[in-house]
Amino acid sequence: MEDILWYSQPATVFGEALPVGNGKLGAMVYGGTGKEKLSLNLDTLWSGKPVRYSKPDAPATFAKARQLVWQGKPGEAEELLENHFHSPWTASYLPLGNLYLTMTDPKVTGYRRELNLAEAVATTLFGDVTRRVFASFPDNCIVLQVTAAAPRCFTLQMDSPLEYEIEAGADRLILTGHCPVVGRRTNAQCDSYIYEDDGIRFTAVAAVHTNGSVSAAEKTLTVTAATRLTVIFSAASSYIDYKTAPVAPHRDPCLNTVDAALQKGATALLTRHLEDYRALYGRVSVKLPVAESSLPTDERIASPIKDAGLTLLLFNYGRFLTIESSRPGSQASNLQGIWNEDLFPAWNSNYTVNINTEMNYWPTLACTLPECTKPLEDLILRLVNTGRDTAAHYYGADGFTCHHNTDPWGLSTPLGNVGYRFSCGFADWPFGSAWLCAHLFWYYEYTLDTDWLRTVCYPTLKEAAKFYLSAMVEKDGEWIFSPATSPENSYQDAEGNPHQLDISTTMSQTLVKELYTNCICCCELLHTDKEFADILRGRLEKIHPFHIGNDGRLMEWNTEHPDVEVTHRHLSHLYGLYPGELITRDMPDLRQAVRRSLEVRGDAGTGWSLAWKANLWARLGDGNRVQKLVHDQLNPVTCTEMTIAVHGGSYPNLLCAHPPFQIDGNFGITAAVAQMLLQSVEDRILLLPALPEEYTAGGSVAGLAAKGNVTVSFAWKDGIITDVRVKSPVLQTVKVEYNGQLHLLKTELTDIAEIFTAK
Ligand code: FUC
């Protein structure tokens with residue numbers, strides 16, 4: 001029931017258009033009548049080229065900054081790092097262009113456009129015309145099918161905001177273009193580009209198959225007297241990897257892909273797409289006691305009282321967006337997933353790894369989509385290579401590290417630009433590697449893939465741990481990373497001046513504690529590296545991240561400095577409760593301190609900030625507060641609001657508004673809804689740990705995943721759980737807590753194939 005977004009008018013701007021994608025290719029579908037527009041993306045279209053940044057004497061500069069902070073001079077330390085330590089910014093994720101299909105005599109009656117999340121098909125209906133758009137993973141193309149009862153004339157055109165040329169062949173348009181190499185920026189925003197020969201090049205092809213006749217002229221294909229028309233679109237770029245000049249062949253591979261799809265034909269393409277997509281989306285099904293809404297989606301979110309079904313729609317949308325934006329072989333989902341129309345997108349639409357990229361992957365394992373995490377794994381493995389250089393060059397340290405931003409070139413340095421004031425708050429945070437490594441360990445915990453633990457997960461965690469082992473220092477009996485920041489937040493010194501560098505911070509200590517703990521666990525599971533594990537154990541004895549302040553909050557800084565912005569959007573110091581698991585249910589004082597911190601921070605924030613709060617409240621077991629935050633996320637934001645603001649909400653197409661559009665909030669909310677229903681924490685599975693009151697009447701869950709390679713299905717009535725079934729490819733007994741009690745349940749044997757096929 002809550003699988004459809006629908007509207008009774010075409011989209012006029014991005015925030016109304018509907019997304020489809022196959023991980024690599026993305027399209028926003030406008031659903032116009034006389035003129036349809038698809039704005040197109042390819043995951044590897046980025047500015048830049050392989051690059052390595054360095055700063056003379058960086059380790060000495062950092063050591064000097066530490067000394068200054070320890071001497072109570074954080075302002076001097078900040079100036080030093082701003083002028084002598086920071087590197088240029090990441091590359092930008094670029095739009096590919098647009099495809100336009102005009103049609104004569106549109107006869108606009110009975111207009112409806114919809115996105116069916118259960119099929120990943122966007123459909124536009126009016127008069128005698130039906131148009132369908134889907135992105136096929138198995139055939140690597142986007143398919144636009146039109147059928148009409150009466151014959152029509154069509155024209156097909158493409159353009160691009162990048163430098164490009166178009167050729168028209170007998171049945172196709174071929175767009176070749178290239179990406180700029182350098183972006184110039186003012187402040188955090190890129191505002192002009194320089195094109196050079198060594199940037200990424202690309203080919204995009206749109207070919208038609210029709211029962212009308214096709215002619216080509218003036219960069220336009222014209223189709224006459226057609227009642228059926230299929231456009232097959234694909235694209236490929238010359239990007240190879242982070243270190244190699246982008247010279248991969250793209251024209252022939254792209255043409256071959258399109259020819260192969262044309263050969264299959266529209267019906268087979270749709271069948272293959274549905275088979276592929278449903279096998280992923282259908283693994284999970286949630287039913288909640290909600291009445292069906294008769295309103296179009298934009299009117300539903302515009303209503304001041306949110307109907308109870310919207311939460312489920314948002315949950316399903318997040319699962320859809322995961323499958324559409326992150327598939328094996330694609331780049332990881334960036335700040336906008338894969339959907340970006342802007343030549344100068346906010347924050348370069350890059351990978352911001354001090355919350356945003358990770359949040360994109362919060363729901364993936366819980367929603368039984370483990371293969372969709374593979375692009376994130378690729379991103380991390382790339383950083384092991386580039387981040388080794390950063391660890392050695394900037395800190396004189398072992399292992400690898402990554403700061404708060406990255407891109408397909410594997411940027412891992414402390415980006416900030418010379419003299420950019422207050423940049424330490426984001427730049428000086430070499431903890432992206434630690435946070436990302438948590439995702440690798442969670443993947444193991446969910447899948448129990450021991451070979452992968454041995455060959456991929458542990459070696460990566462070990463390299464990450466080595467960085468902190470060699471870069472941390474001992475002070476007053478504790479091992480600290482110093483100076484440290486708490487992402488993007490500031491505190492006031494005694495004179496009321498804002499600072500970002502402190503002796504240490506809760507988040508930096510939390511991330512190291514988690515990483516070392518996970519590494520030790522790997523060593524034990526793999527019966528390896530006993531000595532290394534002992535070194536880590538020794539260090540852990542002197543790492544204590546959590547302290548409760550006099551005001552009852554969990555402390556964020558080394559000492560109780562006054563806040564600069566008490567409602568700051570980041571919640572870095574609360575990481576230990578979520579997504580981390582260091583603050584467990586048997587630590588009531590720390591949980592109370594988190595609760596107090598959340599109360600003082602308040603609910604308002606950017607889209608992703610609302611979503612993080614929702615997940616924290618879910619861990620605290622407060623379902624109504626989670627639902628309140630989900631509703632806050634559903635506050636309508638007008639499509640013209642695309643400049644940076646801090647209040648969250650949703651565009652009419654339900655994409656999350658930071659504002660501007662940022663997809664992390666969609667994924668964060670999906671994770672929070674999953675956590676209302678099931679949490680896999682400590683040694684057990686909690687059923688309905690944070691169910692909002694309005695859903696207690698009854699409902700069911702099928703196929704959500706828990707740690708230990710299991711999926712869980714259950715139903716409830718009047719808040720009481722019935723019919724629990726736990727499935728696993730291995731026979732095991734799992735601890736499940738529900739109805740206030742711990743139950744030991746034997747798993748039903750299933751093979752992976754069964755878990756991974758539609759229920
Ligand atoms: C971090 C956040 C901002 C924004 C940006 C992409 O810097 O603090 O709010 O989400 O990432």
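**Close-up views of a predicted model**

**View 1. H8 and H10 are oblique to each other****.** That label follows from the angle, because anything under 35 degrees counts as roughly parallel, over 145 as roughly antiparallel, 65 to 115 as roughly perpendicular, and the rest as oblique. Helix H8 (residues 374-395) packs against helix H10 (residues 432-447) at about 130 degrees, and their axes are 10 Å apart. Axes here are lines fitted to C-alpha atoms over the stretch in contact, with angles running from 0 to 180 degrees between N-to-C directions. Helices are DSSP runs of H or I with at least four residues, strands are E runs of at least two, and both are numbered from the N terminus. The H8 and H10 crossing is left-handed (the near helix is turned anticlockwise from the far one by less than a right angle; clockwise would be right-handed).

This is a predicted model, where local features need pLDDT of at least 70, side-chain atom pairs count only at pLDDT 80 or more, and totals for chains, interfaces and linings use all residues. Residues are numbered from 1 along each chain as its sequence is written, and side-chain values use heavy atoms, with hydrogens and water left out.

**View 2. H11 and H12 form another oblique pair****.** The angle between helix H11 (residues 450-471) and helix H12 (residues 506-526) is about 140 degrees, with 9 Å between the axes. H11 goes past H12 in a left-handed crossing.

**View 3. The ligand has ten named residues around it, among them Leu 335, Trp 347, Glu 488 and Trp 608****.** The shell splits into three nonpolar, five polar and two charged residues (nonpolar: Ala, Val, Leu, Ile, Met, Phe, Trp, Tyr, Cys and Pro; charged: Asp, Glu, Lys and Arg; polar: the others, Gly among them).

**View 4. Side chains of Arg 569****, His 570** **and His 658** **reach ligand oxygens.** The polar contacts (N or O pairs within 3.5 Å) come in at 2.9 Å for Arg 569, 2.7 Å for His 570 and 2.6 Å for His 658. On its own the ligand exposes 290 Å², and the protein buries 97% of that (Shrake-Rupley areas, 1.4 Å probe).

**View 5. His 658 and Pro 659 are joined by a cis peptide bond****.** Omega is about -20 degrees, and Pro 659 sits in the loop between helix H16 (623-633) and helix H17 (664-677).

How values were computed
Near = heavy atom within 4 Å. Polar contact = N/O pair within 3.5 Å; in protein donor to acceptor, adjacent residues only side chain to side chain.
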